[in-house]
Amino acid sequence: MTTRSALPGRETDTTQAALAFAWLEVTGFCNLECTHCYADSSPQGTHGTMTAAGWKNCIDQLAAMGTQNVQFIGGEPTLYPHLAELVAHARGAGLDVEVFSNLTHLSDELWSAFTEHGVSLATSYYSDEADDHDKVTERRGSHTRTRANIRRARELGIPLRGGIISVHEGQRTQGALRDLTSLGLTVVGGDHTRRFGRGSRGVQPAVGDLCGHCAHGKCAIGPDGDVWPCVLGRFISLGNVQDTPLDEIWNGVPTADARREINAARGRDGTAEACTPPQFLPMCGPCAPCVPSVANCDPRVSDAATIEAPGQIGS
């Protein structure tokens with residue numbers, strides 16, 4: 001995927017809203033190889049060039065900017081060797097922390113860190129049947145491990161939310177919802193495959209396929225220090241924290257231009273109503289209307305997702 005800058009050099013108002021939330025994508029390495037992965041992470045991915053010290057510095061910058069929440073994500077963040085250390089540092093800096101994990105690979109050290117520091121968890125879940133779930137993750141046994149660790153998180157009293165993504169035809173998304181509910185989850189979002197990464201089926205990403213809330217009070221930072229409007233908008237480069245302070249990036253012309261370009265593509269007018277169910281990324285607002293590649297973002301409407309064209313999913 002080619003990275004481009006967001007209309008560099010154009011004159012624009014650089015006044016920015018506060019940066020309230022940041023995704024910290026600490027690794028591109030993942031033990032699964034989900035067919036729809038927007039980050040294209042896999043066992044061939046790496047932890048990137050950001051060091052643990054670099055991530056701590058980034059966290060300190062976020063805290064100084066008044067950021068309230070961070071989400072550690074990947075790849076699979078629990079496979080990043082310094083995750084427990086970074087969680088402790090973020091909490092010490094006064095940030096609320098959520099870890100988005102496939103919940104297949106959690107060490108006793110991480111469970112202890114999560115409980116000690118009051119961390120929340122989020123996970124993806126694809127079906128109540130193991131074979132169906134594992135068809136999405138491309139790893140046999142992933143459903144069994146994820147479900148067992150959902151139960152463990154509940155037993156430990158760790159806040160956990162789930163997300164159901166409709167990926168293939170005949171997938172038991174409603175069964176997944178019933179199963180998560182039976183396990184005690186009260187916050188479950190939904191979505192269809194988005195046209196990014198492996199989910200694009202080779203189609204180039206487009207600004208119009210972003211929800212329209214990217215760079216509005218939130219941004220994402222990747223394993224090499226690249227700053228993006230959000231985790232899906234990684235084809236838009238706002239800068240890099242390894243050579244530019246984050247507040248300069250956030251208040252810079254490329255970020256303001258990216259916001260303006262995204263607003264124009266989505267036709268945002270501030271009248272969007274809340275989605276039902278809550279979106280898979282609850283820190284974002286509703287798309288209103290759904291992005292062009294998704295006919296309906298609620299997989300609970302139907303247990304079938306029909307591929308209409310490369311990278312386009314309909315309900």
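Cys 58 counts as buried, with a relative accessibility of 1%, in what is a predicted model. Cys 58 takes part in no disulfide, and the nearest cysteine sulfur, which belongs to Cys 219, lies 7.7 Å away.

**Cysteines**

- A disulfide is a covalent bond between the sulfur atoms of two cysteines.
- Counting as disulfides those pairs of cysteine sulfur atoms that lie within 2.5 Å, the model comes to zero disulfides.
- Cys 30 is likewise in no disulfide, since the nearest cysteine sulfur, that of Cys 34, is 6.2 Å away, and with 8% relative accessibility Cys 30 counts as buried.

**The sheet**

- Strand β4 (residues 96–100) pairs with strand β5 (residues 120–124) in the parallel sense over three bridges, and Phe 100 has Ala 122 in β5 as its bridge partner.
- Strands β5 and β6 run parallel and are joined by four bridges, with Gly 162 in β6 as the bridge partner of Thr 123.
- Strands β6 and β7 also run parallel, here joined by five bridges, and the bridge partner of Ile 165 in β7 is Asp 191.

**Burial of β6**

- In a regular strand the side chains alternate between the two faces of the sheet.
- Both faces of β6 are covered, with Leu 160, Gly 162, Ile 164 and Ser 166 buried on one side and Arg 161, Gly 163 and Ile 165 buried on the other, so that seven of the seven residues of β6 are buried.

**Helices**

- Helix α1 (residues 52–64) packs with α2 at an angle of about 20°, the two axes being 10 Å apart, and because angles under 35 degrees count as roughly parallel, α1 and α2 are roughly parallel to each other.
- The crossing of α1 and α2 is right-handed, and the contact is made by Ala 52, Trp 55, Lys 56, Ile 59 and Asp 60 of α1 together with Glu 85, Leu 86, His 89 and Ala 90 of α2.

Terms used:
Residues numbered from 1 in each chain as written. Predicted model: local features only at pLDDT ≥ 70, side-chain atom pairs only at ≥ 80, totals over all residues. Heavy atoms only, no water. Pairing = 2+ DSSP bridges. Helix = DSSP H or I, 4+ residues; strand = E, 2+ residues; numbered from the N terminus. Buried < 20%, exposed > 50% of the residue type's maximum accessible area, 1.4 Å probe, protein only. Axes fitted to C-alpha atoms, helices over the stretch in contact; angles between N-to-C directions. Parallel < 35°, antiparallel > 145°, perpendicular 65-115°, else oblique. Left-handed = near helix turned anticlockwise from the far one by under 90°. Contact = heavy atoms within 4.5 Å.
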